[in-house]
Amino acid sequence: MLSFLSSTFHSFQLNFARSLQKAVSFTSIVTDVKEGSVGLVTINRPKSLNALNQTVLHEIITALKEFDKDDTIGCMVLTGSQKA
């Protein structure tokens, strides 16, 4: 019974983390949760080869802060999309 409750609670936390990330709207990055505990931030500006600007940096910081608030996230990965 305890393992069922633990599994159910973990599933609830994971779904909550994903819904929280979707609630924040980004234009230059994409966020996702991989394997239950990895927060993934992908810079998504292929036309500018994922160049950083004030908007991108603000979105990255916002996303990382949101992941940091979530106790189910064990690490965060920052990457770029496509060939950049």
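**A few notes on the fold, core and surface**

1. Let's start with Leu 57, which counts as partly exposed because its relative accessibility is 41%, between the 20% and 50% cut-offs. Leu 57 sits in helix 2. Together with Leu 52 and Ile 61, Leu 57 makes a nonpolar surface patch of about 280 Å². Please keep in mind throughout that this is a predicted model.

2. Now the overall layout. The protein has two helices and three strands, and from the N terminus on the order of elements is α-β-β-α-β. Among contacts between residues at least 6 apart in sequence, 61% join residues at least 24 apart.

3. On to the interior. In soluble globular proteins, nonpolar side chains tend to be buried together. Here the largest nonpolar core has 10 residues: Phe 26, Ile 29, Val 33, Val 41, Ile 43, Val 56, Ile 60, Ala 63, Phe 67 and Ile 73. Strand 1 (29–34), strand 2 (38–43) and helix 2 (54–69) are the elements that give two or more residues to this core. Helix 2 gives the most, with four residues.

4. Which residues does Ile 73 touch, leaving aside those up to four places away in sequence? They are Val 33, Ser 37, Val 38, Gly 39 and Phe 67.

5. Finally, the totals for your own comparison. Buried residues account for 31% of the 84 residues. The accessible surface comes to about 5800 Å², and 59% of that surface belongs to carbon and sulfur atoms.

Methods. Residues numbered from 1 in each chain as written. Predicted model: local features only at pLDDT ≥ 70, side-chain atom pairs only at ≥ 80, totals over all residues. Heavy atoms only, no water. Core = buried A, V, L, I, M, F, W, Y, C linked by side-chain atoms within 4.5 Å. Buried < 20%, exposed > 50% of the residue type's maximum accessible area, 1.4 Å probe, protein only. Contact = heavy atoms within 4.5 Å. Patch = residues over 30% accessible without salt bridge, like charges linked within 9 Å, V, L, I, M, F, W, Y side chains within 5 Å. Areas by Shrake-Rupley, 256 points an atom, 1.4 Å probe, with all protein chains shown as cover. Salt bridge = Lys/Arg side-chain N within 4 Å of Asp/Glu carboxyl O.
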